[in-house]
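Here is my note on the structure, point by point. Keep the sequence and the 3D view open while you read.

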Amino acid sequence: MTRSRPDVGRWTLTDDDALADSPPTNGAPLALITCPTCNSEEISGKPQPDGRLLIHCDDCGAEWLRGETRRDPARPAVQSFDSLQAAFPTPADVRPDVRERVMLLQSEFAMDRPEPDPDVEPYRERYAALFSRENLPSATPEQLLHFANSTTVADPGNVSGFNRAWKTAGPDKAAAQVRQTIEHLLYGPESLRLEDRMTQLIDGSKKGLGFPSFKEALLTKVLCVVEPERFLPVVRYTAANGGKKELAKTVFELDLPPVEKTAWTSGRLAVWSNDLLRSLVGNDLPDLQQAARFLQWAKDRPVMSRSDS
């Protein structure tokens, strides 16, 4: 009787089960598939359009392809992290006429720029110190609850879901889970990129990791505190009132991809769109608090169509 090959999911398999390129074993048992980086057996995988298997280590995040390529010209090629990042829009994709328009808007914005919030810098310094590797284990429930509910540095929006989960768990258990979440985001396995650690926390794809409603907005706020010269205080990739995807479209006329589960994942798009917008406005507005205000202001200005140029 022929065994069916496994589909997506966590596996405890032998090479004979999973690999299309293995030679015949004549019934001899083979070793379990283990991660070549950390030797974990917590392995999941996804069949690729070309017939190979993209195997993923759920512990350290390492990925590798196994099997023989059976290329179907009608289906797309396998998209790796690097190929996806290379395909993501860059500042060079902004049309010259749009870039000129944005420069004019920046000049207009500078004439009536709002004063910086004096509370931002001391707040950021306080929480950046608290979220250091050394101090994070001692962060109190009161400090973490205040961080989630405060709008200083970055406004996380509606946090009622977080507050309900906090109350249900109790302050001590909730604080422990939030500390674990922040630790994984900032200091998780070095073999797992920030983008993919963020995806795990947003999607809840790693069992036992994360805290309810401490998702994209609050994770991004953590990054704004810890890396203020990189991360804009725009806490969602897509949002009706101006997420990073919408800002790229309305201000720079760039179309960013929708979120997917396996390729254009939530964490990758959150980080890549941030870095794109940072590259587009950060040189002229190095204070990213002001840069975010400019983007929200500029999105409501008339968009230049190609016929206007």
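1. In which helix is Leu280 found? Leu280 is found in α11, residues 266-281 (helices are DSSP runs of H or I with at least four residues, strands are runs of E with at least two, and both are numbered from the N terminus). Before going on, a word on the basis: this is a predicted model, where local features need pLDDT of at least 70 and side-chain atom pairs count only at pLDDT 80 or more, while totals for chains, interfaces and linings use all residues. Residues are numbered from 1 along each chain as its sequence is written, and side-chain values use heavy atoms, with hydrogens and water left out.

2. Back to Leu280: is this residue buried or exposed? Leu280 is buried, with a relative accessible area of 9% (buried means under 20%, exposed over 50%, partly exposed in between, using a 1.4 Å probe and protein chains only). Leaving out residues up to four places away in sequence, Leu280 touches Pro91, Val94, Arg99, Gln106, Phe252 and Leu254 (contact means heavy atoms within 4.5 Å). Take Pro91: along the chain it is 189 residues from Leu280, yet their C-alpha atoms are separated by 6.1 Å.

3. Now for the cores. The largest nonpolar core has 73 residues, and Phe131, Phe214, Phe252 and Phe294 have the most contacts inside it (such a core is a set of buried Ala, Val, Leu, Ile, Met, Phe, Trp, Tyr and Cys residues joined through side-chain atoms within 4.5 Å). Helix α11 gives the most to this core, with eight residues. Another core, of nine residues, lies apart from it and includes Ile33, Ile43, Leu53 and Ile55.

4. Have a look at α6, residues 160-169, where Phe162, Ala165 and Trp166 are buried. They sit on the same side of α6 because they cover an arc of only 105 degrees around the axis (the arc is that of the directions from the helix axis to the C-beta atoms). The general idea: an α-helix has 3.6 residues a turn, so residues three or four places apart point the same way. The buried residues of α6 pack against α5 (141-149), α7 (171-187) and α9 (216-226). On the face turned away from that buried side you'll find the exposed residues Arg164, Lys167 and Thr168. After α6 comes Gly170, with a positive phi near 90 degrees.

5. Helix α9 also meets α4 (residues 120-130): their axes come within 8 Å and cross at roughly 100 degrees. That makes α4 roughly perpendicular to α9. On the α4 side the residues are Tyr123, Arg124, Tyr127 and Ala128, and they meet Lys221, Cys224 and Val225 in α9.

6. Last, the strands. β2 (residues 43-47) and β3 (residues 53-57) pair in the antiparallel sense over five bridges (two strands pair if DSSP finds at least two bridges between them). Lys46 stands opposite Leu54 in β3. Their hairpin has five residues between the strands, and Gly51 there takes a positive phi near 95 degrees. β3 also runs antiparallel to β4 (residues 63-66), joined by four bridges, with His56 opposite Glu63 in β4. How covered is β3? Mostly: four of its five residues are buried.

Note on methods. Axes are lines fitted to C-alpha atoms, for helices over the stretch in contact, and angles run from 0 to 180 degrees between N-to-C directions. Angles under 35 degrees count as roughly parallel, over 145 as roughly antiparallel, 65 to 115 as roughly perpendicular and the rest as oblique.
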